[in-house]
Amino acid sequence: MIRLIIKLLLQFLVFAIIGIGIPLKAQEIQTYNGPLQIGKYNGKATFSYKLVDNDTVLHGDFLVLRSNLQELLQKQDYSFQFKGAFVDGTANGPWKFQFGEFNSKSQSEVIDYQYRVLVSGIQKSASGKIQMGKPNGKWTILEEQIEDSEISSTLFKSVVSFNDGVPQQNFSINNENYTLIGRFLRDGLAHDEWSLFPINGMDQSESWYFRDGILQLIRVDDDNDHKTIKAYQDYNGRTKVINLDAGYIKALEIQLSQVDVDILHHNSLPELLKQNAARYQEVDNILSELGKSEFLPEFKVKVPYYPLDSLDMLKVDSLVSYYKKAIELSESILHNSQLNILKLSDANTAYQYNTVLYLKESYLKPIQEIVSYDSLGILEYTSRQQLMNHVFPTGMPKSEIDIEMQIDSVMSSKLYSIPTTSLTDPSYSNIENLQAIAKMGYDGILAIADEVKETLAQEKRQNELANLEEEIILQNDSLVTFIEINKDSIPLKYANALKQIKLFASTTLNDYSKVKSAQNRLTAARSTVTCLKKLNELSVTVSKMATYKSTIEDSYTDRIWNPFMATLMDEDIKKRITSAYTKILEPYFLEQIEQSLTCENTTNLHEQINATYHTVIMLKDKDTKKLERKLKKEKEPTVILEMLNVQNTKQ
Amino acid sequence: MKSFGTYIIKGLFLFCFLTAFHGISQEDEPEVLPEYSKYKDLTTKTWINTYGNIRIGKRLFWDAQTHLRLAETEDTPFVGQVAQVYNRHAIGYIHSKYFNVRLGGVLRLNFNTDEASTDRNLVPEWRIWHQYQFAQALESMMIYHRIRIEHRWTQGFAENSEYIFRNRWRYMFRMKIPLNNHKLKPKTLYVAPEAELIMQSGKAVVASPMEDLRLTTTLGYILTPRLTVAAGAMYSQGQDLSNGGFFKHSWAMRFHVYFSPDFRKVKNKLPEIHLTD
């Protein structure tokens, strides 16, 4: 009994030790030395890692780099070096990223017994500290132009301080044209003065004044004048924190008068931020490939917030869909060449055409702006009234208007009234009115599109026919060229099949040219194009048949050791399968092409030839005893094809 | 694998040397040599040989040979009557395309063809044999050097006769020359001239070390990589064991079938079937 207990205890002890040992082993830090691919970067890496649940988790120092002298001297080399450290798969500690694209004019100099190759190109770098995946402390991003191994100019530089991923204190960003300097609050919101001034000093400079993230005003200074543009200075309603990006600038512009918008540097402030963000994104992409990362700087601002309720959202959606349909119709009418000619002589067509122009200008154009704000997601950052004032500066478009026409330099006009059930009404909400205008524009254009439908359709048909005929010529040319190029380089039996395909194509073309009626001609053109395309495919397949055959023969040959001769000999294996292909199926395919080719069986033949080839190749390593027995008796190609397909579907 | 192979070969060489030099001491026995060497009557023989070579592993094979040898008698001139039935087996090792060894045993059944004899009709003969074959390619032909060493225990037809132990030392030079192809491959007719010298030693061998010199030419046809047939003629001569002054000589017709099946499963065959190339 005691012995039994001891035995059990011992067993338990063994299991316990193994049980503890496995996780211990899993936590062991290991080192990797070798090639590593990170996204598009492929280099030599040295790093420490541990295995957690069979996953490689980076832990400890990390280094990956690449440079290739050979490539540099020959053409151009891209080099990079990423150096830093990870903790449990998350970047942590000082990091440096360096990317370079260099070429050399094969100039070298010898310094201290070392050959130095002078390089020119662009060197980008990013360095700073990362704390658990987020930038922390000062990050400097640089892009420099290198000439003969010397920095010749700085193309981009940004210095931003972070605290746990949130931008802090002062920052500066400059590219070749502008410098931006500004500061943040502790929570990352823009604060105080942000100055944007041009590098060349010729242009005006701008100062953006923020308070708690809300832009108060913008001061524009140039040599002889300064102007103050009021932004959200007096606003004290609901606000929302968003990123300072192109969308924010657009939302801001809705507030401003067109004059003010024209004064400001066109988007150069968000452009700088965008360039900066792109560089952070580049680093984030690398870190995300290796582990967890949140390496994106977010420059936050506050904007006035006028939320849309769900009903409003639905109305905006329907506005977008009306706009899309209407703009497509209007474009097809305005660009229709027949209508464009007719409108010069026919008063009614001129009336229709000009009406569409009017609807596009007065209805679709303002709606287009709304659609673009919606896609930027900034509809909620401006009051509805301001929005209306911005898109309709001269008030709502009229639903009844005199349309003017000029025929033979005689002006006339005719009253137009939009045939619609939609109406705008001052008592409706702004969003409702916008939706109504979108629908009115659509209804108006749709009605005219219906009137000119036949003209449009006819033109469409003619265009299609012209395109199809062009395609027919293209397809036939490519077929003839292909056959001419290939027919001499393949055995005669395949060349003959190709010649037959060419002959058949020319017969098909001839048949098409005999079709007279316009309606039938379109149908005939469509089927002729399809047929020629298939013939092209078939001719490619036929040109490969010689290779197919030799590949099958090669693949069904084994090298056998003959002990009596002490030599290796080729042995044909599974002869029934290879001979079914070479003696029955291949002649059958060629015969089909030469004797009974039609547009209808072209695809079938092309697919059968390819499928048969692939099946035969695949059968080599399968157990085919049964199939070989069946093939022994069978001489009928269609039955053999069926057998091969049966075999195919079974596996 | 290579080093293992080398060990096997070294071992085999050692074995054959040890066996070879053991007990080459001979007792003196009065022997009356003729004044001039004398040829005995020319005899004819017919040999029908099958050579099986069955692959049992990546480098190992089973050599299975069965030979039927007929010797001329007064009643059955030319073709002759059954003289010996051979069962020769060995396990072989393919070291490379150009070298292989094998080791095995032989049970030869000797039939008494002397019609006047009243002794036993059938006696067994036992052998242990090992062989080292070198092959080399020369232009389109192949050349082979074969060293075969046999340790044989024979006995006479007389009732209660003792086994005699002898060693046989055989060297054969053979060529296989393709006639209708640039190399030995299926559907090839080839001609194979060969010369083999068989020496012997042992207590019973006093003045007749040259047991046999065989000069053969066969014409063969490779049907498939696994099946070859050949036929030819052999002239042989050698000293009579009992008196080295007398030489036996004979002409033999030889008919050979060579087959080398491989029953291994396809998945085991590939890619080892190609050996090292």
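Author: Welcome! Let us start with one idea: two strands count as paired when DSSP finds at least two bridges between them. Please keep in mind that the model here is predicted.

Reader: Thanks! In β9(B), which residue is the bridge partner of A195(B)?

Author: The partner is L215(B) in β9(B).

Reader: How many bridges join β7 and β8 of chain B, and in which sense do they run?

Author: Here there are ten bridges, and the two strands, β7 (residues 164–178) and β8 (residues 188–201) of chain B, run antiparallel. You can find one of the facing pairs yourself: P178(B) is opposite Y190(B) in β8(B).

Reader: What about strands β1 and β2 of chain B?

Author: Strand β1 (residues 38–55) and strand β2 (residues 60–71) of chain B are antiparallel as well, with eleven bridges between them.

Reader: What do the eleven strands of chain B form?

Author: They form a closed barrel, with mixed pairing, that runs β1-β2-β3-β4-β5-β6-β7-β8-β9-β10-β11 in chain B. Ignoring direction, neighbouring strands of this sheet are turned by 20° against each other on average.

Reader: Which elements does chain B have, and how do they run from the N terminus on?

Author: Chain B has two helices and eleven strands. Read from the N terminus, the order is α-β-β-β-β-β-β-β-β-β-β-β-α. Among its contacts between residues at least 6 apart in sequence, 54% join residues at least 24 apart. As for burial, 19% of the 277 residues of chain B count as buried.

Reader: Now for helices. At what angle do α13 and α15 of chain A pack?

Author: To read a helix pair, look at the angle and the distance between the axes. Helix α13 (residues 518–555) and helix α15 (residues 599–619) of chain A pack at about 25°, and their axes are 8 Å apart. An angle under 35 degrees counts as roughly parallel, so α13(A) is roughly parallel to α15(A). Their crossing is left-handed. Residues in the contact include L538(A) and Y548(A) from α13(A), and H606(A) and Y613(A) from α15(A). By class, the residues of this contact are twelve nonpolar, seven polar and two charged.

Reader: Where should I look for α6 and α10 of chain A, and at what angle do they cross?

Author: Look at residues 310–334 of chain A for α6 and residues 430–451 for α10; their axes come within 8 Å and cross at roughly 25°. The helices α6(A) and α10(A) are therefore roughly parallel to each other. The crossing is left-handed. Among the residues that meet are Y322(A) and L329(A) in α6(A), with A438(A) and I445(A) in α10(A). This contact has 15 nonpolar, four polar and five charged residues.

Reader: What is phi like in most residues other than glycine?

Author: In most such residues phi is negative. That gives you something to look for here. A566(A) has a positive phi near 60°, and A566(A) is not a glycine. E139(B), also not a glycine, has a positive phi of about 50°.

Reader: Where is A566(A) placed, and does A566(A) count as buried or exposed?

Author: A566(A) lies in the loop between β20 (557–562) and β21 (567–572) of chain A. A566(A) counts as buried because 23 C-beta neighbours lie inside 10 Å.

Reader: And E139(B), buried or exposed?

Author: E139(B) sits in the loop between β5 (122–138) and β6 (141–154) of chain B. With 9 C-beta neighbours inside 10 Å, E139(B) counts as exposed.

Reader: One last stop: which residues is T557(A) in contact with, leaving aside neighbours within four places in sequence?

Author: Those residues are D570(A), E571(A) and D572(A). T557(A) is in strand β20 of chain A. Although T557(A) and D572(A) are 15 residues apart along the chain, their C-alpha atoms are separated by 4.6 Å. T557(A) is partly exposed, with 14 other C-beta atoms within 10 Å.

Notes. Residues numbered from 1 in each chain as written. Chains lettered and ligands numbered in written order. Predicted model: local features only at pLDDT ≥ 70, side-chain atom pairs only at ≥ 80, totals over all residues. Axes fitted to C-alpha atoms, helices over the stretch in contact; angles between N-to-C directions. Helix = DSSP H or I, 4+ residues; strand = E, 2+ residues; numbered from the N terminus. Parallel < 35°, antiparallel > 145°, perpendicular 65-115°, else oblique. Left-handed = near helix turned anticlockwise from the far one by under 90°. Contact = placed C-beta atoms within 7 Å. Nonpolar A, V, L, I, M, F, W, Y, C, P; charged D, E, K, R; others polar. Buried ≥ 20, exposed ≤ 12 C-beta atoms within 10 Å, placed from the backbone.
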